[in-house]
Amino acid sequence: MSLRLGRVAALTAAGLVLAGCGGSGGSSSARPELKVNGAYMPAPVTGDMAAGFFTVTNSGGADTLTSVTSSAARDVTLHSTKDGAMEEEKSFQVPADGTLDFASGGSHLMFEDLTRKPKQGDKVPVQLHFAKSGTVTVEMPVKSATYSPKTGH
């Protein structure tokens, strides 16, 4: 009797392990489902550098933002802000079923060596390059230099 219970327990445990490996249950192995919203660039004060902000919402598996390009600048870099200091980053994780926020005072894009100075009302094309999702193109509207998005809270 105890040998039979042992086999049942082992088979049950094996079934639970296999169920955990299935692609439909956990979003970590699921394909990322990204949406970019809230994108904007404050009108740059100088003619050679600007910042950019946006939010990536992911309703699928994890992904990684690996780089950004734009015809508006010769170089676009990813930055975080730690202890009040800006630090360049190679990439940013987009968590499964989560968000990646690029907001004023935090993570942001730096458009360096602008090809022309964007002004309020312009739209700047930006290509976000993700490890799994490929390239997502965003039209980033240029807002006033003092623009602060409403949080809804």
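Figure 1. In strand β8, M110 is the bridge partner of A51. The model shown here is predicted, so local features need pLDDT of at least 70 and side-chain atom pairs count only at pLDDT 80 or more, while totals for chains, interfaces and linings use all residues. Residues are numbered from 1 along each chain as its sequence is written, and side-chain values use heavy atoms, with hydrogens and water left out. Strand β8 covers residues 108-114 and pairs with β2 in the antiparallel sense over four bridges. Two strands are said to pair if DSSP finds at least two bridges between them. Strands (E, at least two residues) and helices (H or I, at least four) are DSSP runs, numbered from the N terminus. Strand β7, residues 99-102, also pairs with β2 in the antiparallel sense over four bridges. In that pairing, V56 stands opposite L100 of β7.

Figure 2. Strand β1 (residues 34-42) pairs with β2 in the antiparallel sense, over five bridges. Across the pair, N37 stands opposite T55 of β2. Strand β2 spans residues 49-58 and is mostly covered, with seven of its 10 residues buried. Buried means under 20% relative accessible area, exposed means over 50%, and partly exposed is in between (1.4 Å probe, protein chains only).

**Figure 3. D101 in strand β7.** D101 is found in strand β7. The side chain of D101 makes a polar contact with the side chain of T55, at 3.0 Å. A polar contact is a pair of N or O atoms within 3.5 Å; within protein, one must be able to donate a hydrogen and the other to accept it, and residues adjacent in sequence count only if both atoms are side-chain atoms. Not counting residues up to four places away in sequence, D101 touches F54, T55 and S107. Contact here means heavy atoms within 4.5 Å. D101 and N37 are 64 residues apart in sequence, and their C-alpha atoms are 10.0 Å apart in space. With a relative accessible area of 42%, D101 is partly exposed.

**Figure 4. T64 in strand β3.** T64 lies in strand β3, which runs over residues 63-69. The relative accessible area of T64 is 15%, so this residue counts as buried. Its side chain makes a polar contact of 3.3 Å with the side chain of Q93. Leaving aside neighbours within four places in sequence, the residues in contact with T64 are S91, F92, Q93, V94, H129, F130 and A131.

**Figure 5. The largest nonpolar core and M140.** The largest nonpolar core has 27 residues, and those with the most contacts inside it are F54, L65, L109, F111 and M140. Strand β9 (residues 123-130) gives the largest share of this core, four residues. A nonpolar core is a set of buried Ala, Val, Leu, Ile, Met, Phe, Trp, Tyr and Cys residues joined through side-chain atoms within 4.5 Å. Not counting residues up to four places away in sequence, M140 touches several residues, including A39, F54, L109, F111, D122 and V126.

Figure 6. A search of the whole structure finds five salt bridges. A salt bridge is a side-chain nitrogen of Lys or Arg within 4 Å of a carboxyl oxygen of Asp or Glu. The side chains of R116 and D122 form one of them, at 3.2 Å from N to O. D122 also forms a salt bridge with K119, where the closest N and O atoms are 4.0 Å apart. D122 is buried, with a relative accessible area of 16%, whereas K119 counts as exposed at 56%. Elsewhere, salt bridges that share partners join K82, E87 and E89 into one network.

**Figure 7. Two aspartates with positive phi.** D83 is not a glycine, yet its phi is positive, near 50 degrees. D83 is placed in the loop between β4 (73-82) and β5 (85-89). Its relative accessible area is 86%, so D83 is exposed. D113 also has a positive phi, of about 60 degrees, although it is not a glycine. D113 is found in strand β8, and is partly exposed with a relative accessible area of 41%.
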